[in-house]
Amino acid sequence: MSNGLIQVGLFSVLVTAVSVPLGLYMARVFTDRRTFLDPILRPLERAIYRVCGVNPGSEQSWVQYAVSMLLFSAVGMLLLYGMERLQWFLPLNPQKFGGVAPDLAFNTAASFTTNTNWQAYAGESTMSYFTQMAGLAFHNFVSAASGIAVAIAVIRGLVRRAAQTIGNFWVDLTRATLWVLLPISVIGALVLVWQGVPDNFSAYTQVKTVEGTTQTIAQGPVASQEIIKELGTNGGGFFNANSSHPYENPTPLTNLIELVAIFAIGAGLTHTFGEMAGDRRQGWALFATMAILFLVGAGSAIWAEQRGNPQFAAMGIDQRESAGQSGGNMEGKEVRFGIVDSALFATVTTDTSCGAVNSMHDSYTPLGGLVPLVNMQIGEITFGGAGSGLYGMLVMAILAVFIAGLMVGRTPEYLGKKIEGREMKLAMLFILIFPAVILVPAGIAVVTKAGLAGITNPGPHGLSQILYAYTEASANNGSAFAGLNANTLFYNSTLAVVMLFGRFLMKVPVLALAGSLAVKKSVPPSAGTFPTDGAIFVILLVGVILIVAALTFFPADALGPIVEHLVMIHGKLY
Amino acid sequence: MAERKATALWEPTIVRGALSDALYKFDPRVQVRNPVMFVVEVAALAVTIILVHDFFEGHSTLAGFELQIALWLWFTVGFANFAEAMAEGRGKAQADNLRRTRTETQARQLKENQEIMVPATSLRRDDVVLVKAGEVIPGDGEVIEGVAAVNEAAITGESAPVIRESGGDRSAVTGGTTVISDWIKVRITANPGETFLDRMISLVEGAHRQRTPNEIALSILLAGLTIIFMLVCVSLYPFALYGGTALSLPVLVALLVCLIPTTIGGLLSAIGIAGMDRLVQHNVLAMSGRAVEAAGDVDTLLLDKTGTITLGNRMATEFIPVLDVRAEDLADAAQLASLADETPEGRSIVVLAKNQYNLRGRELAERDARFIPFSAQTRMSGVDIGTRRIRKGAADQIVKFARDNGATIPEELEGIVERIARNGGTPLVVADEARIYGVIHLKDIIKEGIRERFARLRAMGMRTVMITGDNPLTAAAIAHESGVDDFRAEATPETKLRLIREEQAQGKLVAMIGDGTNDAPALAQADVGIAMNAGTQAAREAGNMVDLDSNPTKIMEVVEIGKQLLITRGALTTFSIANDVAKYFAIIPAMFVVEYPELQSLNVMHLATPQSAILSAVIFNALIIIALIPLALRGVQYRPLGAAAILSRNLLLYGLGGVIVPFIGIKAIDLIVAALHMA
């Protein structure tokens with residue numbers, strides 16, 4: 001108990017401490033003010049614009065912004081697909097891996113372009129170093145940068161008055177990469193190397209074990225990919241075992257660094273928002289909302305996992321936490337992380353669109369496994385993915401303001417922008433697409449042969465596996481509930497489509513919303529204005545987020561994890 | 001103020017009319033305008049078809065569970081129809097009252113100085129008619145000649161006659177009102193069918209009601225939620241099938257109807273119609289629902305000083321003598337100078353002298369008095385009695401008058417005059433040739449309770465700006481005394497227009513009241529422009545609301561009604577969505593308890609059987625619409641508090657209340673259902 005409080009407390013303090021300066025720094029970066037990195041990066045930035053023919057001074061309407069974003073993603077996805085298929089022909093392939101199968105290559109290309117990083121493959125036995133670095137890691141940077149860019153565009157839409165443009169996608173993309181992602185990644189990678197994470201181009205090492213068998217030790221440019229995996233909330237591991245692998249996440253310290261890196265940008269962007277809106281309390285309100293939902297989730301997951309399995313307790317198995325053991329449900333968890341660090345990681349990775357794992361969510365208790373599922377179902381907005389967390393939260397804020405804002409006797413407004421029919425249409429589209437791309441394909445999967453073939457556990461747990469897969473794909477999380485055999489034509493193709501829909505069908509309405517808000521005049525606040533910077537708003541927003549998610553997913557969850565939990569209490573496990 | 005008598009909520013004639021209207025509204029072509037209730041109707045139809053099919057196949061009895069579900073679904077649609085019909089019925093009742101006044105009248109049309117009798121309906125724009133005492137004015141128009149007392153009870157409900165005269169700001173007349181003295185010539189300004197009365201009738205009937213912007217946005221939200229719940233229910237079928245439960249259509253449909261926001265969906269249009277109706281009860285006609293909504297959003301209120309903040313006239317409040325003059329002598333002189341002054345100011349001087357010094361108005365004719373009336377050139381008035389030449393008037397003029405007669409001006413006079421002006425008063429100096437008696441303090445009397453009203457408005461977040469032609473000193477004093485937030489002194493009609501534009505440029509919404517022709521541009525520019533019914537036709541055309549009582553403080557009620565309308569919508573939306581939590585706890589365990597008996601622990605309400613649980617949720621969902629009709633028609637209580645206070649209060653009441661109430665309601669219904677062995 002005290003262990004949990006100390007660890008979660010320390011983590012929360014670190015995130016808060018990191019997020020404020022990072023957020024204010026990002027506000028400077030995206031409002032084109034001076035930063036301490038300018039002497040190094042400005043020339044590089046200018047060179048990039050010259051080579052690419054970008055005019056950094058010209059701003060884009062929301063349509064142009066969206067088209068740029070979609071074109072960039074489409075080309076990037078095609079390149080990655082080609083690279084995977086042709087990696088046998090490309091350099092840096094010491095293990096001589098062949099080309100990736102078409103459906104898997106499509107799935108992976110979609111997965112990394114959408115910041116999902118769902119991996120239906122094992123990295124160390126499928127991808128060459130070239131594919132990992134030039135293909136996957138490239139997308140780790142730019143998919144995060146494109147998410148941040150959209151979030152910044154939405155902020156501009158809210159804070160600008162009577163404006164036709166919401167920024168320039170190419171500039172935002174470049175600045176997010178150069179000023180935010182790259183510098184932190186360089187420092188972070190070096191720290192990880194210090195902690196023992198490898199970073200080389202060597203072929204795998206063959207060793208004789210003590211028992212006399214041979215073991216292949218996979219390695220490669222791990223550290224440089226590891227840090228952006230967290231920072232960009234990508235989650236695609238170098239190895240199949242992801243952050244539970246000792247080469248990705250060797251020590252409790254690296255674990256803490258990775259955790260903080262996952263939340264850093266999502267949390268920081270709330271302050272960027274407050275700063276750009278000229279009222280930091282607005283940013284803190286969103287930060288507080290996210291923090292409350294995170295803490296509730298982390299508390300529930302740690303409690304459920306530490307409590308362990310009541311059936312074991314009945315058999316007299318000691319699951320208590322003590323100096324000698326972590327206790328609780330240790331199935332699928334690493335001993336060096338124990339219950340708290342594992343459950344915390346599971347919560348943090350699904351609060352954001354990261355999806356890196358340091359334990360196997362499939363092996364959690366039903367309620368412990370429900371936490372990551374619900375985190376994703378509320379839209380991954382509790383700090384959330386790089387950029388996607390903030391714009392998702394802003395849409396929820398607009399919804400909350402609309403539902404309850406009427407109750408102060410004014411037509412609803414957020415930051416002085418009136419929320420009218422068009423905004424409502426776009427916000428509802430955003431909110432509607434999410435359950436649609438989860439529930440419809442999951443419904444198909446549970447009654448088709450191809451879908452059912454992937455399930456590895458019977459009963460409600462099988463439903464949880466499928467529900468989890470489509471939820472993470474739609475939310476662009478990419479964490480696996482494990483257990484599901486997903487490298488099949490059915491899952492590769494349906495999940496890829498869901499990932500693409502979950503990313504781009506939601507980003508476009510969000511940009512349209514930004515464009516529609518930008519042209520509006522802003523009403524100055526008065527005593528009669530709905531206050532969006534206080535405790536009441538935070539409580540309301542938490543309530544709206546939970547109720548919308550609960551109303552949408554309660555029936556499905558009830559038949560999956562919830563019934564599994566109830567059945568477990570009555571003595572049956574799946 | 002003659003408030004229209006509010007119709008009793010469950011007035012039997014209206015209820016009877018609404019019951020039959022509700023039946024017509026089952027027509028899908030009508031229903032499709034409301035997506036939420038349309039889904040319910042389709043659902044009800046689907047369950048009914050299955051029911052009939054199963055009955056003929058011999059699978060079910062007509063007393064079964066499915067039949068009850070089907071019936072309650074139809075009731076749900078019916079209750080929503082009834083709510084809308086009730087709101088419309090109340091409007092129609094008002095319209096009928098108005099229509100009764102629109103009788104066939106004959107008009108004396110003037111053509112080339114010839115008087116010909118024509119039916120009122122044949123009058124067109126720009127025709128000129130003569131209306132004599134006892135006759136009904138045949139159409140809306142402008143008085144071009146004459147002055148008459150007109151009884152406008154037909155429109156305003158106020159029986160006291162009003163004066164209508166050519167020129168000035170009291171020239172508009174409304175068709176259907178009656179001239180009770182003298183005669184007027186009226187130029188008709190509206191073609192038949194477009195008259196004020198016609199517009200009023202169609203407005204209160206709500207026949208061609210346009211949905212307001214916020215109503216449209218809310219409908220989009222409700223439609224979006226409906227689609228989400230359809231996805232939830234459709235996907236639940238395969239999920240259940242995976243677990244081994246084949247859900248029946250009636251059960252799935254029951255879940256769907258319980259989840260979609262039927263409460264607010266069913267009451268939304270009733271809330272809008274009732275809002276307009278409440279305005280009419282306050283004798284305000286809104287030309288569009290949009291204006292009512294905008295009223296709730298108003299940031300800045302422009303108020304004319306005279307008539308709104310102060311009583312129309314200044315009153316004498318004090319006699320301040322100078323030097324060795326006795327106050328009584330000053331009062332005596334002032335009274336003498338005012339005896340023939342019929343202006344309210346003059347009369348107030350006579351009354352004050354009488355009250356303070358018991359001076360009675362003397363019969364002046366006997367004393368050979370000659371009155372000097374006020375003129376714009378001399379800016380003073382007075383009386384010559386024998387040798388005395390008493391004058392009262394503006395300080396500079398009287399000083400000049402006294403100097404011309406050889407007076408030395410007491411030093412203290414200037415100080416007194418300035419002090420009065422600074423305090424918002426008007427100083428009148430009284431002199432008898434070379435002798436200066438002193439100063440009369442005329443004061444603007446602030447209306448009683450106006451300070452409290454401004455405090456209320458401030459609490460609502462609204463800024464009040466007083467517009468006056470006074471000098472800045474006087475204006476500042478009145479502004480201070482009345483508690484208005486800001487003022488514009490020495491204002492011309494253009495000042496209003498400019499001020500409105502300035503405020504709007506900052507994104508603010510502005511409301512104003514006006515009556516004169518020169519107010520028309522500002523009324524048109526304001527987001528909420530309320531024209532006085534007694535004002536000019538131009539003003540009435542320019543505004544988007546008309547106050548039939550011509551009471552300038554009415555703007556505050558209009559704002560409160562606008563806010564109340566929005567709050568009612570928000571409260572019922574929140575309540576409706578919060579309700580779903582309990583419905584899940586009723587229906588989900590009931591659906592799957594056969595396959596997973598362990599789900600019984602989610603049945604927190606301990607509902608008797610799965611069937612009774614589902615049925616109780618559906619019945620609750622239908623009855624709550626009926627239960628909330630009074631709230632929808634009357635509007636939720638509005639208290640002028642800050643937004644944060646209102647929000648937390650309403651969130652607690654309708655948000656938390658919305659979560660808790662259905663748990664109690666569904667449990668109660670379940671007890672009855674179980675007791676009656678309905679399921």
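A: Let's start at B:Asp432. Setting aside the neighbours within four places in sequence, B:Asp432 is in contact with B:Arg388, B:Arg389, B:Ile390 and B:Tyr437. Keep in mind that this is a predicted model. B:Asp432 sits in strand S14 of chain B, which covers residues 425-432.

Staying in chain B, the next stop is B:Gly289, which lies in helix H10, residues 289-297. With a relative accessibility of 19%, B:Gly289 counts as buried, and the cut-off for that label is under 20%. Apart from neighbours within four places in sequence, B:Gly289 is in contact with B:Thr212 and B:Met276. The pair B:Gly289 and B:Thr212 is 77 residues apart in sequence, yet the C-alpha to C-alpha distance is 5.9 Å.

What about the rest of that helix? In H10(B), 8 of the 9 residues are buried, so the helix is largely enclosed by the rest of the structure. The buried set is B:Gly289, B:Ala291, B:Val292, B:Glu293, B:Ala294, B:Ala295, B:Gly296 and B:Asp297.

Now for the charge pairs. Over all chains, the structure holds 49 salt bridges. One of them joins A:Arg156 and A:Asp172, with the closest N and O atoms 2.9 Å apart. A:Arg156 belongs to helix H6 (residues 129-159) of chain A and A:Asp172 to helix H7 of chain A, so this pair ties together parts that are 16 residues apart in sequence. Both ends are tucked away: A:Arg156 is buried at a relative accessible area of 6%, and A:Asp172 is buried at 2%.

Chain B has a salt bridge between B:Asp21 and B:Lys92, where the closest N and O atoms are 3.7 Å apart. B:Asp21 is in helix H1 (residues 12-24) of chain B and B:Lys92 in helix H4 (residues 65-101) of chain B, so here the linked parts are 71 residues apart in sequence. B:Asp21 counts as partly exposed at 23% relative accessibility, and B:Lys92 is also partly exposed, at 32%.

Another chain B pair is B:Glu503 with B:Lys508, again with the closest N and O atoms 3.7 Å apart. B:Glu503 and B:Lys508 are both buried. Over in chain A, salt bridges with shared partners link A:Asp32, A:Asp38, A:Arg42, A:Glu45 and A:Arg175 into one network.

A:Val186 is partly exposed, with a relative accessible area of 47%. Together with A:Leu182, A:Ile187 and A:Leu190, A:Val186 makes a nonpolar surface patch of about 370 Å². As background on helices, an α-helix has 3.6 residues a turn, so residues three or four places apart point the same way.

That leaves the place where the two chains meet. On the chain A side, 62 residues are in contact with 61 residues of chain B. The area buried between the chains is about 5,000 Å², with carbon and sulfur atoms giving 79% of that. Which residues of chain A lose the most area to chain B? They are A:Met407, A:Leu551 and A:Leu559, and together they make up 15% of what the chain A side buries.

The polar side of the interface comes down to a few counts. Between chain A and chain B there are 10 residue pairs in polar contact, counting pairs with both residues at pLDDT 80 or more. The rule also finds 2 salt bridges across the interface. A salt bridge between the chains is made by the side chains of A:Arg410 and B:Asp299, at 3.1 Å from N to O. As for secondary structure, helices H14 (388-405), H15 (421-445), H17 (459-474) and H19 (535-569) of chain A each supply at least two residues of the side that touches chain B. H19(A) gives the most to that side, with 15 residues.

Notes:
Residues are numbered from 1 along each chain as its sequence is written. Chains are lettered from A and ligands numbered from 1 in the order in which they are written. This is a predicted model: local features need pLDDT of at least 70, side-chain atom pairs count only at pLDDT 80 or more; totals for chains, interfaces and linings use all residues. Side-chain values use heavy atoms; hydrogens and water are left out. Patches are made of residues with over 30% relative accessible area and no salt bridge: like charges are joined within 9 Å, nonpolar side chains (Val, Leu, Ile, Met, Phe, Trp, Tyr) within 5 Å. Accessible areas come from the Shrake-Rupley method with a 1.4 Å probe; for residues, only the protein chains shown count as cover. A salt bridge is a side-chain nitrogen of Lys or Arg within 4 Å of a carboxyl oxygen of Asp or Glu. Buried means under 20% relative accessible area, exposed over 50%, partly exposed in between (1.4 Å probe, protein chains only). Contact means heavy atoms within 4.5 Å. Buried area is the accessible area (1.4 Å probe) that two parts lose on being put together, summed over both. A polar contact is a pair of N or O atoms within 3.5 Å; within protein, one must be able to donate a hydrogen and the other to accept it, and residues adjacent in sequence count only if both atoms are side-chain atoms. Helices (H or I, at least four residues) and strands (E, at least two) are DSSP runs, numbered from the N terminus.
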